[in-house]
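Hello,

Here is the structure I promised to pass on to you.

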Amino acid sequence: MIDKIKALLQEVENIKAANAEELEALRIKYLSKKGEISALMNDFRNVAADQKREVGQFLNQLKETTQNKINELKESFDNVQTGNDDIDLTRTAYPVELGTRHLLSIVKKEICDIFGRLGFSIAEGPEIEDDWHVFSSLNFAEDHPARDMQDTFFIQHNPDVLLRTHTSSVQTRVMENQQPPIRIICPGRVYRNEAISYRAHCFFHQVEALYVDKNVSFADLKQVLLFFAKEMFGPDTKIRLRPSYFPFTEPSAEMDISCNLCSGKGCAFCKHTGWVEILGCGMVDPNVLESCGIDSKVYTGYALGMGIERITNLKYQVKDLRMFSENDVRFLKQFESAN
């Protein structure tokens, strides 16, 4: 092993680089985690005990010599006069690359376009809300867990003011100020007090839909859900509805789609079930209609809500939610063709 180290040491002493790119390639070759010196370090564990001291000294000398050689070459590049002292460094770089829309914006627009073809209009509301529009008007009990500080960001010294946890608050504002028929979608950013990880974030984006009119039924909701799933994920997509619970809908359901990676046959992504959950939905609870000034004996309605990040994950297989908010250009450039 000592012979290998000596040969590599002689090689390092003679390395040359014509520019910074070549120097970086040399650094990676010798000093990176998968470089030649690291490989020798890994082999060090197999050296006989009586030779470890001598071999270790040679290894340290090799690593130190290599680092000094790389630094020496780097300094030589830094000290070279470029001859471009007359360049205006404040000038905008040319050519100026055109930007593209963020992947979440692309998916949000696609969702809005699908519902737009069904006659839904876009409604927006404030991100800083009050308790009435976020919870009370939506049939949340006073002791409901969602009101707890672990889930909601409340404004200090004023428990009635908070960052909205869902865009359903936009629906209640519309129902307060408009009589049916109401057919809206509510895209926007929402906030929840959660630990940030690859599968959760303290802020994310939702699109919710609301339709209130006379004689609206669960069959109408199912037809809209099937149309959306096929338009978003392909004509072969199947859906299924599972009973669930939400304070503001009754009955309530969660909707799954057939896994678009394995065509419903079962894979690791869908946990070998063939199905992936994408949204919650249900018929608007009569208490919600009444609290917003709409006669529940005359009108019925349905509501549904989905996370844009969730839909994006399924459509583009982005496995880490944090990548959406890190603004890494390398990540964003992968989706230029989706614009």
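**The β3–β4 hairpin and its partners**

In the hairpin formed by β3 and β4, two residues sit between the strands, and H157 has a positive phi near 70 degrees. Before you go further, please note that this is a predicted model, in which local features need pLDDT of at least 70, side-chain atom pairs count only at pLDDT 80 or more, and totals for chains, interfaces and linings use all residues. Residues are numbered from 1 along each chain as its sequence is written, and side-chain values use heavy atoms, with hydrogens and water left out.

Strand β3 (residues 154-155) pairs with β4 in the antiparallel sense over two bridges, and F154 has L162 of β4 as its bridge partner. Strand β2 (residues 128-130) also runs antiparallel to β4 (residues 158-163), joined by three bridges; there, I128 stands opposite L163. Strands here are DSSP runs of E with at least two residues, helices are runs of H or I with at least four, and both are numbered from the N terminus. Two strands pair if DSSP finds at least two bridges between them.

**I257 in β8**

I257 belongs to strand β8 (residues 249-258). Is I257 buried or exposed? I257 counts as buried because its relative accessibility is 1% (buried is under 20% relative accessible area, exposed over 50%, partly exposed in between, with a 1.4 Å probe and protein chains only). Leaving aside neighbours within four places in sequence, the contacts of I257 (heavy atoms within 4.5 Å) include F233, W275, V276 and L314.

**Cysteines**

How many disulfides does a search of the whole structure find? The search finds zero, a disulfide being a pair of cysteine sulfur atoms within 2.5 Å. C292 is in no disulfide, and the nearest cysteine sulfur, that of C186, is 12 Å away. C292 is buried, at 5% relative accessible area, while C202 is partly exposed, at 21% relative accessibility.

**The second largest pocket**

This pocket is lined by 14 residues, and S105, K108, G188, R189 and H205 are the ones nearest its centre. Helix α5 (103-116) and strand β5 (182-191) each supply at least two residues of the lining.

I hope this helps you find your way around.

Best wishes

Methods
1 Å grid on protein atoms, 1.4 Å probe; cavity = no way out; pocket = protein on both sides within 12 Å on 5 of 7 lines; lining within 4 Å.
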